Amino acid sequence: MSPSESTITNSGIISDNMVLERDQDIPSSHIPVVDLSNPDQELVARAVVKASEEWGVFQVVNHGIPTKVIQRLQNVGRQFFELSEEEKNAVAKPDDSREGYARRYELDLERKTGTVDQLFHNIWPPSSVNYKYWPKNPLDYREANEEYTKHVKMLSEKIMEWLSEGLGLWGEAIKEVISGEYMMIVNYYPPCPHSDLIEGLDPHTDVSGLTLILPNEIPGLQVFKDDHWFGLENIPSAVIVIIGDQIERLSNGRYKSVLHKTTVDKERTRMSWPVLVRPTNDMVVGPFPEIIGHDNPPKFKHIAYKDYIYRKLRHLSFADLDS
Ligand code: OGA
Ligand code: NI
């Protein structure tokens, strides 16, 4: 699978240990689940901060996005992927575009990777949206995505507010830097007879600021912590939140950009709907000056988001930059 902005493979950092772990039992019960409807919102905020510090991933339930809105989004996405290849290619991704439909499914038993088809399109702000890349079939694809966009944006803003306050900063601090653009991805992992040998997405951290994922009912997302892979438990209507590289950098490493990967199922199709919340290309991202001091020296350099992506995709070092 060729690397894309959302699915950067970090093969350079995969240790032998991680490979050995893949066939062992995968516990799931430890990954934090936060009930956002708890009336004690201070407690909720602390749980979100703690999960981001310790795991870089958590699930949220009772998050305010109506189940109907979620189901509708998932229905139109599934209907699109069930179209013929020719019909899907109506929104094919050009080489020079980040958006569109890309068939990446290629079984490579040697490399043990590569079984996902993907659709990418921006959903926010309106000036970044190009409907050319939004499927016209099914007919209500656009409406379903626009409805979900409103809700997922609100949820992401709440989470960014808690994370900003967790750093002792004003509520909009993180949002101001990382929420320039929202991109929808639809991942489609067809059943794979070699699911024991093959992974869906290789281990990677998300280059974005924050990723909010809706999976379908087939489990498959795993995260890496303390030398183990942990599978995410399937909780109907929950949203999975992943801390991406840019929040890790802003927080000077306090919030963890979690390493994760996906597996595929032998018989059933797995799908997922990540929304990437990310800075605009020219936004310079590095540790907030307010949190840096003698006791907390900067661990990351300041760099424009587009240059960060360029270097990460090519596995280039960041060491030569001025901080
Ligand atoms: C991604 C990703 C996870 C999933 O698209 O970057 O990690 O559950 N997806 O499909
Ligand atoms: Ni990812």
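Biologist: Which residue's side chain does threonine 211 reach with a polar contact from its own side chain, and how should I read that term?

Modeller: A polar contact is a pair of N or O atoms within 3.5 Å; within protein, one must be able to donate a hydrogen and the other to accept it, and residues adjacent in sequence count only if both atoms are side-chain atoms. Here the partner is aspartate 206, at 2.8 Å. The threonine 211 side chain also pairs with that of serine 208, at 3.0 Å.

Biologist: What kind of model is this, and how is it labelled?

Modeller: It's a predicted model, where local features need pLDDT of at least 70 and side-chain atom pairs count only at pLDDT 80 or more, while totals for chains, interfaces and linings use all residues. Residues are numbered from 1 along each chain as its sequence is written, chains are lettered from A and ligands numbered from 1 in the order in which they are written, and side-chain values use heavy atoms, leaving out hydrogens and water.

Biologist: Is threonine 211 buried or exposed?

Modeller: Buried means under 20% relative accessible area, exposed over 50%, and partly exposed in between (1.4 Å probe, protein chains only). Threonine 211 has 1%, so it counts as buried. It sits in strand S6; strands (E, at least two residues) and helices (H or I, at least four) are DSSP runs, numbered from the N terminus. A contact means heavy atoms within 4.5 Å. Beyond four places in sequence, threonine 211 touches residues including Asp206, Ile240, Pro274 and Leu276.

Biologist: Aspartate 206 again. Which atoms coordinate the nickel ion (ligand 2)?

Modeller: Donors are N, O and S atoms within 2.8 Å of the metal (3.2 Å for Na, K and Ca); water is not among the atoms, so sites may look incomplete. For this nickel ion they are His204 NE2, Asp206 OD and His260 NE2, at 2.1 Å. Their spacing in sequence is H-x1-D-x53-H. The two histidines link distant parts of the chain: histidine 204 is in the loop between S5 and S6, histidine 260 in strand S10, 56 residues apart. Histidine 204 is buried because its relative accessibility is 2%, and histidine 260 is buried too, at 3%.

Biologist: How many residues surround ligand 1?

Modeller: The rule is that a residue is near a molecule if one of its heavy atoms lies within 4 Å of it. By that rule there are 13, the closest being Tyr189, His204, His260, Arg270 and Ser272. Strands S5, S10 and S11 each supply at least two of the shell residues, and S11 gives the most, with 3.

Biologist: Which side chains have N or O atoms facing an oxygen atom of ligand 1, and at what distance?

Modeller: Tyrosine 189 does, at 2.8 Å, and so does histidine 260, at 3.0 Å. Arginine 270 has a polar side-chain atom 2.8 Å from a ligand 1 oxygen. The protein covers 100% of the 300 Å² of accessible area that ligand 1 has on its own; such areas come from the Shrake-Rupley method with a 1.4 Å probe, and for residues only the protein chains shown count as cover.

Biologist: And the whole protein: how many helices and strands are there?

Modeller: There are 8 helices and 13 strands. Of the 323 residues, 55% count as buried. One of the helices, H5, holds serine 156, which is buried, at 0%. Among its contacts beyond four places in sequence are Tyr182 and Val277.
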